[in-house]
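Let's take a friendly walk through a protein model together. Keep the picture open beside you as you read.

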Amino acid sequence: MARELISKNATKSVYRDGDKAIKSFCQGFPKAEVLNEALISARIEEIGGINIPATLAVSVDVDGCWSITKDFINGKTLKQLMDENPDKLDEYMEQMVDLQLTIHSKTCPLLNKLKDKMIRQISDAEGLNSVNRYDLLTRLDGMPKHVKLCHGDFQPNNIIVTDDGTMYVLDWVHATQGNASADAARTYLLLCLEDQNKADKYMELFCEKTDTDRRYVQQWLPLVAAAQLTKHRPEEAELLHKWVDICDYQ
Ligand SMILES: Nc1ncnc2c1ncn2[C@@H]1O[C@H](COP(=O)(O)OP(=O)(O)O)[C@@H](O)[C@H]1O
Ligand SMILES: [Mg+2]
């Protein structure tokens, strides 16, 4: 069977090759990041109890392009399903939150700490003045330290649902151990950048199911917004700066 392109962005493409999915990185993509992604995925596989496509190989082709080969998961992303069946949004959102809570119920002691990653990101983020940066780092320092497994990019297009309804979680490169509310704030941010209605439903369900005060998750918003600035996406800048500035008057 010929390779079939399933997803593409500026730095990587994902192909289907029979029962395998091949994530192929562009020339010059840092080797350390590819190996890191494969290592984190392998660590998550070892935990058990979360459906993730098994990593089968890491390779490099004649042009020097690295790739990671995994099991191909036959199904649709939760994003596709949400778009195709808007009437089922509540049901899908509930399944998505339950899946995230399963992830948060696990630990993975060899992963980096979310807080350390956020310190690095906030220190590197462009467009913050020194007072802003100091306030954000002080706030981060005061947040409770936890060691729950956090996916770090938990959103509908990183979940594949098979025909029998089993959910697989992809794209673990940002996984860390840390505070579940920070992970929830990040999911809320990612959903807001796309659809405020979905984001609000998500926040409500997450807080209800975890018996968490919404304000506690909201305290993380300026921090996750500042961290997201390191992605340099001009279309996100306005919203992210607005959230970062909330830090000034809270
Ligand atoms: N193992 C897989 N099986 C089936 N589809 C996959 C698999 N891995 C990735 N995909 C598809 O490719 C898309 C991008 O893959 P992902 O690992 O999330 O990379 P990216 O870093 O580009 O977001 C996913 O949203 C999904 O549609
Ligand atoms: Mg993805």
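What follows looks at the strands and then at the ligand.

This is a predicted model, in which local features need pLDDT of at least 70 and side-chain atom pairs count only at pLDDT 80 or more, while totals for chains, interfaces and linings use all residues. Residues are numbered from 1 along each chain as its sequence is written, chains are lettered from A and ligands numbered from 1 in the order in which they are written, and side-chain values use heavy atoms, with hydrogens and water left out.

Strands of a sheet pair through backbone hydrogen bonds, either parallel or antiparallel. Here, a strand is a DSSP run of E with at least two residues, numbered from the N terminus, and two strands pair if DSSP finds at least two bridges between them. Five strands make up an open sheet in the order β1-β2-β3-β5-β4, with antiparallel pairing. At its edges are β1 and β4 (55-60), each of which pairs on one side only. From one strand to the next, the twist averages 20° (the axes are lines fitted to C-alpha atoms, and angles run from 0 to 180 degrees between N-to-C directions).

Let's follow the chain. Strand β1 (residues 4-8) pairs with strand β2 (residues 12-17) over four bridges in the antiparallel sense, and a hairpin of three residues joins β1 to β2.

Look for Tyr-15, which stands opposite Ile-22 in β3. The hairpin of β2 and β3 has two residues between the strands, and Gly-18 in the turn has a positive phi of about 65°.

Ala-57 stands opposite Thr-69 in β5. Their hairpin has five residues between the strands, and Gly-64 there takes a positive phi near 85°.

**The three-stranded sheet**

A second open sheet has three strands in the order β6-β8-β9, with antiparallel pairing. Because β6 (76-77) and β9 (167-169) stand at the edges with a single partner strand each, one side of each is left without a neighbour in the sheet. Two bridges join β6 to strand β8 (residues 159-161), and these run antiparallel. Here Lys-76 stands opposite Val-161 in β8.

**Around ligand 1**

Which residues come nearest to ligand 1? Of the 17 residues around ligand 1, they are Lys-12, Asp-71, Asn-157, Asn-158 and Asp-171 (a residue is near if one of its heavy atoms lies within 4 Å). By class, this shell has eight nonpolar, five polar and four charged residues; Ala, Val, Leu, Ile, Met, Phe, Trp, Tyr, Cys and Pro count as nonpolar, Asp, Glu, Lys and Arg as charged, and the others, Gly among them, as polar.

| Residue | Atom in the residue | Atom in ligand 1 | Distance |
|---|---|---|---|
| Asp-71 | backbone N or O | nitrogen | 2.8 Å |
| Asn-158 | polar side-chain atom | oxygen | 2.9 Å |
| Asp-171 | polar side-chain atom | oxygen | 2.9 Å |

Taken alone, ligand 1 exposes 540 Å², and the protein buries 84% of that (accessible areas come from the Shrake-Rupley method with a 1.4 Å probe). The elements that give two or more residues to the shell are β1, β2 and β3.

Why does ligand 1 lie between two domains? Domain 1 (4-71) and domain 2 (76-249) both give residues to its shell, so ligand 1 lies between them; the domain bounds come from an automatic or database domain assignment.

How values were computed: Polar contact = N/O pair within 3.5 Å; in protein donor to acceptor, adjacent residues only side chain to side chain.
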